[in-house]
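I opened the notebook to look up a few things in this structure. I wanted the overall picture first, then a pair of residues.

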Amino acid sequence: MNFTRWSARLPGTQRRTAALRAARRSAGPAPSATSADGRSREEGRPDKEAGAPDVARADSADQDPDAGRAPKAGREVPAARAETTPDAPGGGRDGVPRSLDTLSLHELLGQVPAPFVVVRGPEHRVAYVNDAYAAAFGVRSCGGPAREDLPELVELGLLPLMDQVLRSAKPRTVKARRTEHGDRVGYYTFTCTPIDLGPRAQPPDGRRRAARGRDSRNGERGVLVFAAEVTDQVESAERLRASEARQRAAAVTLQRSLLPQELEQPDDLRVAATYQPGGEDAAVGGDWYDVITLGAGRTALVIGDVMGRGVRAAAVMGQLRTAVRAYARLDLPPHEVLQLLDGLAAEIDSSQIATCVYAVHDPSEGRLSYASAGHLPILVREADGTVHRAEEPTGPPLGTGGWLHTSGSVPFGEGGTAVLYTDGLVERRDADIDEGVAALERAFAGATGQPEIICDRLQRAMGITADHDDDLAILVFQHPARTGGDAELFRNAALELLGGTEAAPRARAFASGVLTSWRFPRELHDLGVLAASELVANSLQHGTPPMRLRLRRTDRRLIVEVTDGDDHLPRRRRAEPADESGRGIAIVATIASSWGTRRTPGGGKAVWCEFALPTGSPAAER
């Protein structure tokens, strides 16, 4: 390394040189020496034009500091390339500034404000330690090997790097290494640069010995270890990471608080779900899921994904999930729920869009009806192990507007299993998303067991780890096949209501016989018969054929439902004393645990009520 050329680039050198030359020009032309023939030196120089600037003379003075000239009164131009003072390291003993070329190597290196050391040879013997290094790491002696005299380099693991630099003659850098000196903790970036230290003294026999770290032609080689302090940068980065971690923790907390804390467990389904946020470097997204019991044994299952990340996406997700629960209470068909959500999503934030699947399971029909707003297809595995996708129909994501969603259905009887999921489970940067769905389909075909186990197996099969770069949600539900004594607790019975008013006594007799065979307590038996009678009477009076009475029992409740062909939904109202009708729904609402109405897919309506089994009954205990 050429230290003279390198030192000319020390901070301030060029600035001081430029200031010095500007001062010389402002001082005017210096008196020229007169030759023996009475002519000035300038007159004797034919190549010098009249009126030319005096920079040339200043430059020549720089080149020849001993050139005699008569200094102008009060203006002495220092004969040096940089400004110095007698007290400065470059100042002469007599107070006369010294040229940069006359400064020693140690004087030059001592003025470098950054810590560095110079080591020589394969043993890395310390050749020079500047004052900044001593201030940062302590006073160090020279002459000994770095392994002994520079313990901080050993602790930082720089000695192997210095060996590599010495062998390859290429610089190497390590960034942001933590150091301690006394009570002070700092961070430094170290750069090891190979340097040529010049010829080495020859051994007595005159033979030149070549060894590692010393070139036979260019002399001994060494390494310059330069340390740049980056403590402020590292601390700023740590504060930024801490701030991002706090924001991510807040988003995760918000996300998890908006998700169901405990899933509703329907009578006829086994349900499990999982949510996993992205890795530490990924922001939290807007994935969500929900399970909503609709009454009469029906269950709504929902999963969605708000595009975007962070607290904003989680907040939008929370609003959509709340709206889904509210709309689900209306017991609307799936496509009507998505239609309402579409308008709400546009009102919440027009820049945010979301995908969603809303599915409804009715155990009495053995089917799964659903509607999709730009979401990934539902995967359904039948009892025989066959897996197929419920891909149609589907529409654009929520928030786009201008689209009429439609509903579809797939068979989903006893022994069936279905999975809803978000794109974090199947989407990869290096593969098409259809390939991910196909891989999930294969994994789902072999994933058996309870829904909780299936969730874990699907994550493992898809390679999901703690540092996965996207959040994901999975919702798995099963309609288990009932056998043995368990099957006795899940029974269905239905009666087609034909004819006119004479259908009412047949309905009462049918309900009484069924409830007796199901061995319900006498009080529950009478309440069930009364509810069936009132609902049938209401349908005969206000509905149209076809009409049907359906009784269903589970391990926790008795369900009474009447359907007819009229789509006018009855409502509960207060009957006046003189009114001869209007009390049927009020009676049902009073004696039942819950009641409701809904429109059926083929047209018409259904009116239902439920009775919770009393505690201590055989069915309730099971």
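My entries below go from the whole chain to single residues.

**Whole chain.** I noted at the start that the model is predicted. I looked up the secondary structure and found 18 helices and 22 strands in the protein chain. I then checked burial: of the 622 residues in the protein chain, 44% are buried. Next came the accessible surface, which is about 32100 Å² for the protein chain. Carbon and sulfur atoms hold 50% of that surface. For contacts with a separation of 6 or more, I read that 63% are between residues 24 or more positions apart.

**Val-357.** I found Val-357 in strand β10, which covers residues 354–362. Buried or exposed, I asked of Val-357? Val-357 has a relative accessible area of 1%, so I logged the residue as buried, the cut-off being under 20%. I listed its contacts, leaving out residues up to four places away in sequence.

**Glu-220.** I placed Glu-220 in strand β6, residues 219–229. Its relative accessible area is 6%, so Glu-220 went down as buried, by that cut-off of under 20%. Which side chain does the side chain of Glu-220 join in a polar contact? I found Arg-120, at 2.7 Å.

Terms used
Residues are numbered from 1 along each chain as its sequence is written. This is a predicted model: local features need pLDDT of at least 70, side-chain atom pairs count only at pLDDT 80 or more; totals for chains, interfaces and linings use all residues. Side-chain values use heavy atoms; hydrogens and water are left out. Helices (H or I, at least four residues) and strands (E, at least two) are DSSP runs, numbered from the N terminus. Buried means under 20% relative accessible area, exposed over 50%, partly exposed in between (1.4 Å probe, protein chains only). Contact means heavy atoms within 4.5 Å. A polar contact is a pair of N or O atoms within 3.5 Å; within protein, one must be able to donate a hydrogen and the other to accept it, and residues adjacent in sequence count only if both atoms are side-chain atoms. Accessible areas come from the Shrake-Rupley method with a 1.4 Å probe; for residues, only the protein chains shown count as cover.
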